[in-house]
Amino acid sequence: MSQPIKDTTVQLHNDIRNDYERRSTPDVKYGVQKETDAYIFRVLAEKYYKSWKTIEKIIYNRWYDFIYLRNNETFRFIP
């Protein structure tokens, strides 16, 4: 059985997603993204002390396809 996800981990992943969303939104004046995804992954990896591949997995939700148990209740993690 899988271990439950800690609240601090959920908060960290939400912070990473929010930073990615902020950096990847199109520029208001020109309507294009200023930074490439590869550059954003690299910057976030340095900021949060993770590898760029880990940042990519967090952003694209590649780890949350399972149901976990916490306090004898079943939850599905929806970012």
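What you have open is a predicted model, in which local features need pLDDT of at least 70 and side-chain atom pairs count only at pLDDT 80 or more, while totals for chains, interfaces and linings use all residues. Residues are numbered from 1 along each chain as its sequence is written, and side-chain values use heavy atoms, with hydrogens and water left out.

Now show the cartoon. There are three helices and two strands, in the order α-α-α-β-β along the sequence. Helices (H or I, at least four residues) and strands (E, at least two) are DSSP runs, numbered from the N terminus.

How do H1 and H3 pack? They sit at an angle of about 90°, with their axes 9 Å apart. That makes H1 roughly perpendicular to H3. The axes are lines fitted to C-alpha atoms, for helices over the stretch in contact, and angles run from 0 to 180 degrees between N-to-C directions. Under 35 degrees counts as roughly parallel, over 145 as roughly antiparallel, 65 to 115 as roughly perpendicular, and the rest as oblique.

Next, select H1 (7-24) and H2 (37-48). Their axes come within 10 Å and cross at roughly 140°, so H1 is oblique to H2. On the H1 side, the contact residues include Leu-12, Asp-15 and Ile-16, and on the H2 side they include Ile-40, Phe-41 and Tyr-48. This contact divides into nine nonpolar, one polar and five charged residues.

Click on Tyr-48 next. Leaving out residues up to four places away in sequence, Tyr-48 touches Leu-12, Asp-15, Ile-16 and Asp-19.

Time to look inside. Select Ile-16, Tyr-20, Ile-40, Phe-41, Leu-44, Ala-45, Tyr-48, Ile-55, Ile-58 and Ile-59: these ten residues are the largest nonpolar core. Such a core is a set of buried Ala, Val, Leu, Ile, Met, Phe, Trp, Tyr and Cys residues joined through side-chain atoms within 4.5 Å. Buried means under 20% relative accessible area, exposed over 50%, and partly exposed in between (1.4 Å probe, protein chains only). Which element gives the largest share? H2 does, with five residues. In soluble globular proteins, nonpolar side chains tend to be buried together.

Move on to H3, residues 52-59, and pick out Thr-54, Ile-55, Glu-56, Ile-58 and Ile-59, the buried residues of this helix. They pack against H1 and H2. Zoom in on Glu-56: is this residue buried or exposed? Glu-56 counts as buried, because its relative accessibility is 14%. Beyond four places in sequence, Glu-56 touches Phe-41 and Arg-62. Just after H3, stop at Asn-61, which takes a positive phi of about 55°.

For a last stop, go to Val-32, in the loop between H1 and H2. Val-32 is partly exposed, with a relative accessible area of 48%. Not counting residues up to four places away in sequence, Val-32 touches Pro-26 and Asp-27.

Methods:
Contact = heavy atoms within 4.5 Å. Nonpolar A, V, L, I, M, F, W, Y, C, P; charged D, E, K, R; others polar.
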